[in-house]
Amino acid sequence: MRVEAAAIAANESRILLRSLGPIVILFVIPVFLMMAMVPMLERLAMGADGIGRGGAAHAVPRMTILFAMFQIGFVGFSFFREHEWKTWDRLRALPISPGVVIVGKLTPLWCLSVIQFVGLHDVMPNPDLPRQ
């Protein structure tokens, strides 16, 4: 990663860490929804023989994907925030390609997505997978 993209990513990370919205939407809400959905999905996951995969096997991947989709909105907000703060013209005037700007804006959200994926799978583990 180029130095410019790393600088943009560091700035985006600071902005994301200052606001609680992304943290709550990506981590707190999915945990509570999964805790509510696991018992419901356990009943639905039972087969005719009474053996099922468990509710967590269905809830965890679904919630992870659902709340990862919210990050698309966060990417859009990061660009609109540049317009709102009147820094978009300065960002565009830098001698860097638009791809570097996009990589710099996406990197912190990609890291949040990985942390969300690992964190949600540790909070509500899949009973079918062996724990090490």
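## Overall architecture

The protein exposes about 8,600 Å², of which carbon and sulfur atoms supply 70%, with accessible areas taken from the Shrake-Rupley method with a 1.4 Å probe and, for residues, with only the protein chains shown counting as cover. This is a predicted model, in which local features need pLDDT of at least 70 and side-chain atom pairs count only at pLDDT 80 or more, whereas totals for chains, interfaces and linings use all residues. Residues are numbered from 1 along each chain as its sequence is written, and side-chain values use heavy atoms, with hydrogens and water left out.

The protein has six helices and zero strands, and its elements, from the N terminus on, run α-α-α-α-α-α; helices (H or I, at least four residues) and strands (E, at least two) are DSSP runs, numbered from the N terminus. Of the 132 residues, 33% count as buried, where buried means under 20% relative accessible area, exposed means over 50%, and partly exposed lies in between (1.4 Å probe, protein chains only). Among contacts (heavy atoms within 4.5 Å) between residues at least 6 apart in sequence, 75% join residues at least 24 apart.

Gln116 is found in helix 6, which covers residues 98-123, and counts as buried because its relative accessibility is 0%. When neighbours within four places in sequence are left aside, Gln116 is in contact with Leu26, Phe27, Pro30, Thr64, Phe67, Ala68 and Gln71.

Met34 belongs to helix 2 (residues 21-45) and, at 0% relative accessibility, is likewise classed as buried. Met34 and Ala59 are separated by 25 residues in sequence, while their C-alpha atoms are 5.9 Å apart in space.

## Aromatic pairs

A pair of aromatic rings is described by the distance of the centres and the angle of the planes. Rings of Phe, Tyr and Trp (its six-membered ring) pair if their centres lie within 6.5 Å, and planes under 30 degrees apart count as stacked, over 60 as edge-to-face and the rest as tilted. By this rule the count comes to two aromatic pairs. In one of them, the rings of Phe67 and Phe70 have centres 5.2 Å apart and planes at 45 degrees, so this pair is tilted. Phe67, which is also among the contacts of Gln116, is buried with a relative accessible area of 4%, whereas Phe70 is partly exposed at 40%.

Phe79 and Trp88 form an edge-to-face pair, with 5.8 Å from centre to centre and 80 degrees between the planes. Phe79 counts as partly exposed, at 22% relative accessibility.

## The largest pocket

About 160 Å³ of space lies in the largest pocket. On a 1 Å grid over the protein atoms alone, a pocket is an open set of points where a 1.4 Å probe fits, with protein on both sides within 12 Å along at least five of seven lines, and lining residues have an atom within 4 Å of a point. Grid points are joined across faces, edges and corners, and the volume is the space filled by probe spheres set on the points.

The lining consists of Ala7, Ile8, Asn11, Glu12, Ile15, Glu82, Trp85, Thr87, Leu91, Leu94 and Lys105, and helix 1 (residues 3-18) gives the most to it, with five residues. By class, the lining has six nonpolar, two polar and three charged residues, with Ala, Val, Leu, Ile, Met, Phe, Trp, Tyr, Cys and Pro counted as nonpolar, Asp, Glu, Lys and Arg as charged, and the others, Gly among them, as polar.

## A positive phi at Lys86

Lys86 is found in the loop between helix 4 (70-84) and helix 5 (88-93), and it is exposed, with a relative accessible area of 65%. Its phi is near 60 degrees, a positive value in a residue other than glycine.
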